[in-house]
Amino acid sequence: MAARSLGCGVGRLLGSLPGHAGPRGWPPPGVSALRRAASGPSGSVPAAGVQPASYPMLRVQAAQQPAAFWGPLARETLLWDTPYHTVWDCDFSSGKIAWFLGGQLNVSVNCLDLHVRKSPESVALIWERDEPGTEVRITYRELLETTCRLANLLKRHGVCRGDRVAIYMPVSPLAVAAMLACARIGAVHTVIFAGFSAESLAGRINDAKCKVVITFNQGLRGGRVVELKKIVDEAVKYCPTIQYVLVAHRTDNKVHMGNLDVPLEQEMAKEDPVCAPESMGSEDMLFMLYTSGSTGTPKGLVHTQAGYLLYAALTHRLVFDYQPGDVFGCVADIGWITGHSYVVYGPLCNGATSVLFESTPVYPDPGRYWEMVQRLKINQFYGAPTAVRLLLKYGDAWVKKYDRSSLRTLGSVGEPINQEAWEWLHKVVGDSRCTLVDTWWQTETGGICIAPRPSEEGAEILPSMAMRPFFGIVPALIDEKGNILEGNDVSGALCFSQAWPGMARTIYGDHQRFVDAYFKAYPGYYFSGDGAHRTKGGYYQITGRMDDVINISGHRLGTAEIEDAMASHPAVPETAVIGYPHDIKGEAAFAFIVLKDDTSDSDMVISELRSTVATKIAKYAVPDQILIVKRLPKTRSGKVMRRLLRKIILGRAQDLGDTTTLEDPGIIAEILSAYQQHKDKKATSQ
C-alpha cells in the first residue's frame, strides 16, 4: 500500500512565504532561491504565485544548470569569509571534483557561532545516555565554549592546520566537540568507530598519519563497559606518528596513564573558551572516513569543507521535513557517515536540536527507542533496517506502550529496507500517518542521494523504495556491456552522470585508487557499486551490492578484509567469504575454509578464526557460519568463483549458470556434500 504525506511537499519543506525567518535565523537567505520556486503548504496560497509544477522545474534546473542551482544556495546559505569565484569544476574521467573554488569559510562557525549570535541558549544536543532518563542537554553556547577549549588544547599540543586527529569515542557531546574543534583550527578529523579492534584502529591511524588520538577511559553501551583506553594503548604501540593521547572520562574508573596520555577535562579547564577560527578554502580537507571496498585495505575517503556542509544541511532539511524547533533523532553512531552528516554537521548547520544516542535499541528493553521518542518529543526518527527487524520480532506492544504523536518523519538508512520492516515501521511505529523515507546514499556521496522526499505536494511513497533522486543527482543505469539503459522497468549498475557538492574528493594518499574504484568501470560516470531497478513509474529501487562487499547490520565490509584476517592463521591456506541473507542483520558473512592436511583439531581452528576476525577487524565482522571444504571452486586462471558458493548456500545449486571455466567441475558435488553435512549438524544441535 502506498503511503501519502500529509502536507509534506516541497512548499512546506522550504517554508511558506519568502522573507519569513524562523527561530535561530532559519532559513538562511539562500534557501529563498528554492522557496521562490516552490509551492506553499497544502491548502495555502502558493509562495509568490508559483505553481505546484515548480518541483519538476527545480529538478530540471539542478540537473541541467548546476551552477545556477547550487551557486546562489551556497552563497547565501553559508557564511563566507571570502566569496568563491567558480561554482564547480568537475571531470569524472580524472576523478576531479571541486566546488565553490576561491571561497573561504569555517565549518564550526557555520555550525555554532551563527546560532550562538541569534539564540545562544537554544539546545544543540540532547545526549541520550546509556541509562534511560539521564539525558543531558547542551546549548549552542555551551557547545561552542567546549569546542573552543578543546581546539585551544589541540593547538597547545602541536596540532596545526592540515594535521590529522583520530577520534576513537562513542556517541557523546565531547566527541561532537572534538570534531568541531578540529574543523575550527583547520585540522582533519578521522572518527574511528569505537567498536573496531586495536589492529583496525592502528591501521587507520597509520594510514592517516595522525598526530593525536582523542578517546575516553571507557565507554558504556547496553549496560556494558567497553575498555576504550586499553584498546587505544594497544594500538598506539604500533603508531609512530602519535604524539599525544587525550583521555576523557566517561566513567569514574581510573585507567593507566602513560607518557603520551593527557587528562582531557583537566587540561581543557585551563584553556580559553574563545578560539579564533581558521579560514579554510572550500576544497581543504574537513575529515577522512574509512570505508571498506572489494579489496582488503580500507579506503580513507576525503570530504572537504563547503560542498559537504551545504549538501548535508540541505538534505537534512528537505528529506526529513526539518522545521525550526524540531528535535531530530538520528540514532546512528558518529563513527559512520550517517552520524557525521545527520547527527552532527547537517543538523547543527541548520540550528537544529540533535539527539546523540549512546545505547542500543533493546536496552534496557525493546521499548527503548519509543520511550525515548515520548520523553524527548522527537519529531524525526532516523534508524537502520537491522534495528527495525530486531524490534519487529518483539511485537507491537513495546511500541504502542509509548506516545509517539510527536513523530512526523521516519527514516531508514544503511541498507535497503525489506517490505515487512517497512510496513511495520509505517503502520505500527508511525500509526500510518508519518512520512517514511527510505534513503540511499554512501560514505562516498556525503549525503542522501535518493529518497522519497522532497517531491511534489502529496506525491506517493511506495514501500521499501528510495524512489526519487535529490536535486542535482542524475542517475544512469548501465548494463554489463556499458550501454545506458533508457526508459523504465530496467535494471543495471547504479551510476551518476553529474557531480554534486557533497561527494568525496579522493582516497587519502592514493587518488589513482579513487579513480579506479569509482570512475574506471563506466568512463564518464561515477559507479556506486550498487545495482538498481528503475520501475515502470520511473522510480529507483536499490537491488544491492554488485562487488564483493557485504552489508552487515548497516556496516559495509569487504569480504577480502575478512578473508585476509582468516588467511593469517597458519592452518588456513585458503578461504573465501560471501554474504548471505540474514533475518535480522540483513546480510551475514559465510566463510569457506581449506585446512592444511596436518590439522588435527578443526573445531579449535574455527574458534581461533572467529577470535582472529574479531581482533583484526571487529566483532560484527565475525562470520556467522564457517564451513571446512577440501578445495575452493576456481577458474583455470586461479580465480575463486564466489558466485557459485553464493548460489550453493542460497539453495540454487540447480542454477549455477556457466561453469565451463571451472578447473574441475567435480568440486561442486564436493562442496554441496560438505554443506549438507554442515546443515544437518546445525539442525541436530539446535
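In what order do the four strands of the open sheet stand? The order is β25-β26-β28-β29, and the pairing is antiparallel. This is a predicted model: local features need pLDDT of at least 70, side-chain atom pairs count only at pLDDT 80 or more, and totals for chains, interfaces and linings use all residues. Residues are numbered from 1 along each chain as its sequence is written, and side-chain values use heavy atoms, without hydrogens and water.

**The sheet**
- Strands here are DSSP runs (E, at least two residues), numbered from the N terminus.
- Two strands count as paired if DSSP finds at least two bridges between them.
- Strands of a sheet pair through backbone hydrogen bonds, either parallel or antiparallel.
- β25 (475–478) and β29 (540–545) are the edge strands, and each pairs on one side only.
- On average, neighbouring strands of this sheet are turned by 45° against each other, direction ignored; the axes are lines fitted to C-alpha atoms.
- β25 and β26 (residues 490–496) run antiparallel and are joined by four bridges.
- Leu477 has Leu494 in β26 as its bridge partner.

**Domains**
- The assignment gives domain 1 (472–547) and domain 2 (556–685).
- Such bounds come from an automatic or database domain assignment.
- The centres of domain 1 and domain 2, taken over C-alpha atoms, are separated by 29 Å.

**Confidence**
- The protein has a mean pLDDT (the predictor's confidence in each residue, from 0 to 100) of 89, and 90% of its residues reach 70 or more.
- Residues 1–33 have pLDDT below 50, and this stretch has 102 contacts (heavy atoms within 4.5 Å) beyond near neighbours in sequence.
- Residues 35–53 also stay under 50, with 41 contacts beyond four places in sequence.
- Where pLDDT is low, the predicted coordinates should not be read in detail.

Notes. Axes are lines fitted to C-alpha atoms, for helices over the stretch in contact, and angles run from 0 to 180 degrees between N-to-C directions.
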